[in-house]
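Here's a friendly walk through what you're about to see. Keep the structure open while you read, and look up each piece as it comes along.

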Amino acid sequence: MRTRRGAWYSPPDACSGDTATATATATIKRTRGVAGDQAACPRKRQSLSSGGCDSFDALPDDLLICIFSKLGASASSPSDLIRASLTCRRFNSLAFHSLVLSKASSKCLAIGAKNWCDSAHRFLKLCADSGNMEACYILGMIRFYCLLSRGSGASLMAKAAINCHAPALYSLAVIQFNGSGGSKNDKDLRAGVALCARAAFLGHVDALRELGHCLQDGYGVRQNIAEGRRFLVQANARELAAVLSSALPTRSLLPWNHPQHDADAPRAAVAGCSLLSDFGCNVPAPEVHPANRFLSEWFAARSAGGGGSAGDGGLRLCSHAGCGRAETRRHEFRRCSVCGVVNYCSRACQALDWKLRHKSECAPQERWINDGDGDNDGVGAGNDDVMAVS
Amino acid sequence: MASSRKITLRSSDGESFEVEEAVAVESQTIKHMIEDDCADNAIPLPNVTSKILAKVIEYCKKHVDASKAEDRVNDEDLKAWDAAFIKVDQVDQATLFDLILAANYLNIKSLLDLTCQTVADMIKGNLFPVRNEWLNFTFSIANRELVLVCLTEWVAHRRLFCS
């Protein structure tokens, strides 16, 4: 029993009624305390301040939960909330209250891939169980693509999708379009289009682009080129609106010149993103969702230098840097029809990457004679395996 | 009801404040009291001291005036005013917490949101020192993610057995 380190205990009176404590935890905490001591000894002891948490004693638990909900909703990284939970015993029992977790923002759940561990998994699961749709989505993506448990990943994403979470709807649409997790015959284009349409009507930019391309190509839906074009324009407009509303300096919207192939490096670096080149504006690339960032970091760590491959069995990654998805079977993703070097999980990724980066690099190369298609189609499977550049 | 009826509020230390009805009904508690016809004499507020009540009234007055003007420019001005209003109390944490309790008791949602968000930002900004020496060591780690790894483990074990 430790007398100095009061915080190792959680006597029943200190916690609020809903978080019951078990004395069994004391044994576990003692072993952890040893590890903590050894780490703490070399550090300079900081003086205890008399203010701080004591002033919170005046506030009842529900107000403290209210404060923590706002903290979680405005957090810029998970450590904001975690750190708050470590301030004192009472904070610790309340900071992980389900009401607080259900309001945590996506940045609060943005765990880095190199920090993935059982406890991070548990943390996300806690948030997902408390009704946080972002957590359901992020955990679903991680389980589906990284941990390879397709069923639970998809069901988590479905739970988020049912609650009108636009990125989850879009991810499920991509899974349906590609037949991820199954065979080539598990593709369901019409389901994909339906999910994509729902995400698009919630305003998701990638889904709008995807839907626009599907309409233009008659892919999974009756072809309607004008409608498709309308959706593509709307996607660009929404992206511009999002950037404008996030208070970026106006100098970034200068007219943009397409960087030349020759060594014009300083100007190209300044040009930033070519996202709205058809409108003549220079807009930075959209911010990457924590889930996609996790996937990119995960596969980057696992592919020991093999460019764009997920390491096992020659499965490729989507060449769009902001996407991070990996194939679930060989030749699932489709490649650029001009150069055949890059491949994409969806048309939206292809369109974005084309504008961001690939337009300047794409050059016709020797077409592969042996496609080496692992699936049943032979050489003539041109439509499925290559995508025309839009 | 007369449009500019005056309501008297009495704080816990006996001081009386006279405010217009429009300002008083910013507080849902007072609004319900008025609707239930308890407002003939002064409304007693035993949980709120005069110092805090003065500040609350100042806040409500400003917001009522701002909503009357209905000017777009006022949104940013109002936010700036709110920030300045609460900044004084950041230095004096006791007043800030008393404001939270008063806003909760009087049921003034916007003031409650403002004060809670302020405290949340203070917690984020590490303005509340840690009670325990061992926990202090975590704050000295520059790498935030290491904090997450170390300590989510600890917390998660606790929750695992709690739930």
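Buried means under 20% relative accessible area, exposed means over 50%, and partly exposed is in between (1.4 Å probe, protein chains only). Helices (H or I, at least four residues) and strands (E, at least two) are DSSP runs, numbered from the N terminus.

## Ground rules

This is a predicted model, where local features need pLDDT of at least 70 and side-chain atom pairs count only at pLDDT 80 or more, while totals for chains, interfaces and linings use all residues. Residues are numbered from 1 along each chain as its sequence is written, chains are lettered from A and ligands numbered from 1 in the order in which they are written, and side-chain values use heavy atoms, with hydrogens and water left out.

Let's start with helix α9 of chain A, residues 166–178. The expected span of a helix is 1.5 Å times one less than its number of residues.

How many residues of α9(A) are buried? It's 12 of the 13, so the helix is mostly covered. Among them are Leu169(A), Tyr170(A), Leu172(A), Val174(A), Ile175(A) and Phe177(A). The cover includes α7, α8, α10, α11, β1 and α15 of chain A. Just after the helix, Gly179(A) takes a positive phi of about 65°.

## A glutamine in helix α11

One of those covering helices, α11 of chain A, is where you'll find Gln216(A). Is Gln216(A) buried or exposed? At 18% relative accessibility, Gln216(A) counts as buried. Contact here means heavy atoms within 4.5 Å. Setting aside neighbours within four places in sequence, Gln216(A) is in contact with Gln223(A), Asn224(A), Ile225(A), Gly228(A), Arg229(A) and Leu232(A).

## Chain B at a glance

Now over to chain B, which has 8 helices and 3 strands. Along the sequence they follow the pattern β-β-α-α-β-α-α-α-α-α-α. Of the 163 residues in chain B, 45% are buried. If you take the contacts in chain B with a separation of 6 or more, 57% are between residues 24 or more positions apart. Chain B exposes about 8400 Å², with carbon and sulfur atoms supplying 50% of it; accessible areas come from the Shrake-Rupley method with a 1.4 Å probe, and for residues only the protein chains shown count as cover.

## The sheet in chain B

The strands of chain B form an open sheet of 3, in the order β2-β1-β3 and with mixed pairing. β2 (16–20) and β3 (43–44) of chain B stand at the edges with a single partner strand each, so one side of each has no neighbour in the sheet. Two strands pair if DSSP finds at least two bridges between them. β1(B) and β2(B) run antiparallel, joined by 5 bridges, whereas β1(B) and β3(B) run parallel, joined by 2 bridges.

Together with Ile7(B), Leu9(B) makes up the covered face of β1(B), while Lys6(B), Thr8(B) and Arg10(B) make up the uncovered one.

The hairpin of β1(B) and β2(B) has 5 residues between the strands, and Gly14(B) there takes a positive phi near 90°. Ser12(B) is in the loop between β1 and β2 of chain B too. At 40% relative accessibility, Ser12(B) counts as partly exposed. Beyond neighbours within four places in sequence, Ser12(B) is in contact with Leu45(B), Pro46(B), Val48(B) and Thr49(B).

The model scores ipTM 0.77 and pTM 0.73. pLDDT is the predictor's confidence in each residue, from 0 to 100. Chain B averages 78, and 71% of the residues score at least 70.

Where in chain B is confidence lowest, and where is it highest? The lowest is helix α7 of chain B (residues 133–139), at a mean of 48, and the highest is β2(B), at 92. pLDDT stays under 50 over residues 136–144 of chain B and over residues 157–163 of chain B. Where pLDDT is low, the predicted coordinates should not be read in detail.
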